[in-house]
Amino acid sequence: MKHLMNPLDLSVEEMDRMFDLAGDIERNPEKYSHICDGKRIATLFYEPSTRTRLSFESAMLNLGGQVIGFPDGGVSSAAKGESVADTIRVVSCFADICAMRHPKEGAPYVAAEFSKIPVINAGDGGHQHPTQTLTDLLTIRSLQGRLDNFTVGICGDLKFGRTTHSLVNALARYKGIRFIFISPPELRIPDYITEMLSSKDIEFSEVIKLEDSIADLDVLYMTRVQRERFFNEDDYVRLKDFYVLTQEKLRNAKESMLILHPLPRVNEISVDVDSDPRAAYFKQVQYGVYVRMALILTLLGLVPEEYNA
Ligand code: CP
């Protein structure tokens, strides 16, 4: 049985096949509308979510399956002290696959250890968010036609932003990727990630000002400052508007540059950017449903023959 905890749990070849499958799902949704008849996904969300939970639920409904779960640990028996290990043993009796989000790093790993069904990490603390990465890569591949030879700027809260950690891990496996990490010093990318890049001779730089590097970028990945991970509200208030992308700041950017954001947006992209042809963050949400459909089929062993290795 396979789980998904980290994007690196999938090889590049497995990811590419999943993206091909997601493309077929986009083009031929009716072909997939009953593949999961009789199957259930449990969405166990101990932390708030709009996109990830609802896109997993939409994905399973689009495949003909059903959804059970809870949107908040406070309405589950976690509030009475039940452990993640016990909860997943119980949920394994009710569902065929599970997506779990938890504020504690590693909680979905514990669930996977005790589970009888595939577990998908839907975001664990400031650690990893592998299905956001599948969404991000499918968006880039669908809109640019490839996943190699890009200069990628990642901007904002690179310390606590789990989507950025997963994205760098996954993109680092493609040829010709160069990273520019744009953050205030307090929110710089963790050392374990820069050490991984150095060990693989992957080019990266760290800068503070977005304006200094925007002209070089093929992809600009904006992120919000993660208020829920700060120990001190004053620090959050000081840093929350450090970056605000506006039409004015895009003046020197390439015409072909993609602007991505995992969302939710707070204030880091001005709404006047939404109508810019480079803004792809709402398209990203739709790709997130296709790729989660492909992931559910993969983990349940229901991939049509032509997309199996
Ligand atoms: N991108 C993302 O994880 O959004 P949600 O927190 O709304 O699920």
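## Helix contact

M18, F19, L21, A22, I25 and E26 in α1 meet Y287, Y290, V291, M293, A294, L295, L297 and T298 in α9. Contact here means heavy atoms within 4.5 Å. The residues of this contact divide into 12 nonpolar, 1 polar and 1 charged. Ala, Val, Leu, Ile, Met, Phe, Trp, Tyr, Cys and Pro count as nonpolar; Asp, Glu, Lys and Arg count as charged; the others, Gly among them, count as polar.

Helix α1 spans residues 12–27 and helix α9 spans residues 281–299. They pack at an angle of about 120°, with axes 8 Å apart. Axes are lines fitted to C-alpha atoms over the stretch in contact, and angles run from 0 to 180 degrees between N-to-C directions. Helices (H or I, at least four residues) and strands (E, at least two) are DSSP runs, numbered from the N terminus.

## Basis of the model

This is a predicted model: local features need pLDDT of at least 70, side-chain atom pairs count only at pLDDT 80 or more, and totals for chains, interfaces and linings use all residues. Residues are numbered from 1 along each chain as its sequence is written, and side-chain values use heavy atoms, with hydrogens and water left out.

## Ligand site

An N or O atom in the side chain of S49 is 2.6 Å from a ligand oxygen. A polar side-chain atom of H129 lies 2.8 Å from a ligand oxygen. L263 places a backbone N or O atom 2.9 Å from a ligand nitrogen.

## Backbone features

L263 and P264 are joined by a cis peptide bond, with omega about 5°. P264 lies in the loop between β9 (258–260) and α9.

Methods
A polar contact is a pair of N or O atoms within 3.5 Å; within protein, one must be able to donate a hydrogen and the other to accept it, and residues adjacent in sequence count only if both atoms are side-chain atoms.
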